[in-house]
Amino acid sequence: MVEGVIWFNYPRAFNQLMTEGEVFTLRKTIKNGVYVVLSKLVLNPPKTGRLAKVEYIGQVSSREELEDYVRKSGYKTVDDWVKEAKDAVHLHRVLLLTP
């Protein structure tokens, strides 16, 4: 059952998901389940509308907690990731389910 939509509007995270099939992302709200992936970054939408499994990992309280996840976040450093995520503190793993 599809829970709803998960939006990716930051190029680094969206590209990570589309090329590797997996991304770790920080969100303001908690999501868990199967979601439809959408993005305003794609003008020609064949890469959107795909299904992904979203797993909530937990609330992040320090930058050090993100060190193990930054490699699959789409960002080169934790500082870059946190800066773009602003006040989002809920860490999620997103896995594409449809090719």
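**The pocket**

I began with the largest pocket, and I found that 16 residues line it, with Y10, T25, L26, R27 and A88 lying nearest its centre. I keep in mind throughout that this is a predicted model. The volume I noted for the largest pocket is about 370 Å³. Sorting the lining by class, I counted nine nonpolar residues, three polar ones and four charged ones. I then asked which elements each supply at least two residues of this lining. They include strand β2, residues 22-27, and helix α2, residues 78-85.

**The sheet**

I read an open sheet of five strands in the order β1-β3-β4-β5-β2, with mixed pairing. Its edge strands are β1 (2-7) and β2, each of which pairs on one side only. Ignoring direction, I noted that neighbouring strands of this sheet are turned by 40 degrees against each other on average.

How is β2 joined to β5? I found six bridges between β2 and β5 (residues 90-96), and the two strands run antiparallel. Within this pair, V23 stands opposite V94 of β5.

I next looked at helix α1, residues 11-20, which lies across β2, β3 (33-38), β4 (50-59) and β5. Relative to β2, helix α1 runs at about 155 degrees.

**Salt bridges**

I recorded six salt bridges in the structure. One of them joins the side chains of E22 and K72, with 2.8 Å from N to O. This pair links distant parts of the chain, for E22 sits in strand β2 and K72 in the loop between β4 and α2, 50 residues apart.

Technical notes: Residues numbered from 1 in each chain as written. Predicted model: local features only at pLDDT ≥ 70, side-chain atom pairs only at ≥ 80, totals over all residues. Heavy atoms only, no water. 1 Å grid on protein atoms, 1.4 Å probe; cavity = no way out; pocket = protein on both sides within 12 Å on 5 of 7 lines; lining within 4 Å. Points joined across faces, edges and corners; volume = space filled by probe spheres on them. Helix = DSSP H or I, 4+ residues; strand = E, 2+ residues; numbered from the N terminus. Nonpolar A, V, L, I, M, F, W, Y, C, P; charged D, E, K, R; others polar. Pairing = 2+ DSSP bridges. Axes fitted to C-alpha atoms, helices over the stretch in contact; angles between N-to-C directions. Contact = heavy atoms within 4.5 Å. Salt bridge = Lys/Arg side-chain N within 4 Å of Asp/Glu carboxyl O.
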